[in-house]
Amino acid sequence: MKGESLHIALAADSNYVIPITVVLQSIFDNHQRERICIYLLHLQGTLKEEDLRFFRTFTERHGASFEGLEITPEQVEGFPETRHGKSALLRLCLPGRLPSLHKILYLDGDIAVNDNLSALYTTDISAHRIAAGKDSAGVYDSSYPARLGIGADHFYFNTGVVLLNLDELRSLDLMKLMTDFTRTYYDRISSPDQDFLNYICQGKTLYIPPRYNMNYAVERDVLARIWSREEIEEARNHPAIVHYIGPVKPWSAVCVHPRRQLWWHYLRRTPFADFRPKDDTPTNRLRRCFLLCAKTAESLFTLSAKQKIGKLIPATVKKRIKKLLQKRTS
């Protein structure tokens, strides 16, 4: 092993054991020579001791170090209640829980690492609070960031993959800032930690290439407003991190994500190789075939074309179609 250690944080509960194991396996498979340090955030009472022991054993068996970061109710007491609960704010505890660490790479549990992340981790963010990938939310609804007090010169980012400057964040009173933010924008907050981090990192954000975190479901005209053609091609052909953004994850039988099989590739290398989706029914297999056809047809249209077509479809019909597409189990 050589070079700088990679410090990586994730968050889990006992309902997310398999997805987190896949993330870990994908990390280990792509970092054979680096020193990896894993930190697992979990809210007290949400992760069974046997699951925590499993993560520790699994991590150490791959030559990496492991530290469980249990967050007690008292430690998040200062954070305000949001409509989404305090579990969505766990990553905001990292600066305080890791006082001697300068930076950390945080990864969501619905991702698969597909390349070495040393170049991302060693990115110089000394002049920034965060490094993150641009998100399409501000393109679909240009007024959304403004409604949260975010200026037009800040491009709204996604927090599924973020490199956090812990030194910078420790210099802030995150609890007070979060309390003030929540009190001011309570009814407009859609994603508590993501909205908040965008708010406090205005002018202090370094944007990373989309190959580290791109939404594959975005229309091509929307993509063109976020990244260059070269960046999009690189992300599609050589993704370093695949983020399965959206309500249907790769462990669902009806998932039609173009990189779904990558997740299953890593799963088969874990102790959960025999896992089968709970919603794997004949009905959902047929539904997946329908969704694949619909997705292929949908990819031919730009967002502007969809909007024009949408105006011609009665609201009742659109509602039924949306309900059908979102239905995940029989």
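Is aspartate 110 buried or exposed? Aspartate 110 is buried, with a relative accessible area of 8%; buried means under 20% relative accessible area, exposed over 50% and partly exposed in between, using a 1.4 Å probe and protein chains only.

This is a predicted model, where local features need pLDDT of at least 70 and side-chain atom pairs count only at pLDDT 80 or more, while totals for chains, interfaces and linings use all residues. Residues are numbered from 1 along each chain as its sequence is written, and side-chain values use heavy atoms, leaving out hydrogens and water.

**View 1. Aspartate 110 meets lysine 249 in a salt bridge.** Side chains of opposite charge can pair when their charged atoms come close. Here, a salt bridge is a side-chain nitrogen of Lys or Arg within 4 Å of a carboxyl oxygen of Asp or Glu. For aspartate 110 and lysine 249, the N to O distance is 2.6 Å. The pair ties together distant parts of the chain, 139 residues apart: aspartate 110 sits in the loop between β4 (103–107) and β5 (111–113), and lysine 249 in the loop between β9 (241–243) and α12 (260–267). Those element names come from DSSP runs numbered from the N terminus, with helices (H or I) of at least four residues and strands (E) of at least two. Lysine 249 is buried too, at 14% relative accessible area. By the salt-bridge rule, the model's count comes to 12.

**View 2. Aspartate 193 and arginine 91 form another salt bridge.** The N to O distance is 2.6 Å. Look for aspartate 193 in helix α9 (residues 192–200) and arginine 91 in the loop between β3 (65–71) and α3 (94–97), 102 residues apart. Aspartate 193 is buried at 4% relative accessibility, and arginine 91 is buried at 10%. Asp108 joins in as well: Arg91, Asp108 and Asp193 are linked in a network of salt bridges.

**View 3. Arginine 285 and aspartate 280 pair up while partly exposed.** Their salt bridge has an N to O distance of 2.9 Å. Arginine 285 has 48% relative accessibility, and aspartate 280 has 30%.

**View 4. Strands β2 and β3 run parallel.** Strand β2 (residues 36–43) pairs with β3 over seven bridges; two strands pair if DSSP finds at least two bridges between them. To find your place, spot leucine 40 opposite glycine 68 in β3.

View 5. In β6 (residues 130–134), four of the five residues are buried. Isoleucine 130 is a handy landmark: it stands opposite leucine 164 in β7, and its bridge partner in β8 is threonine 205.
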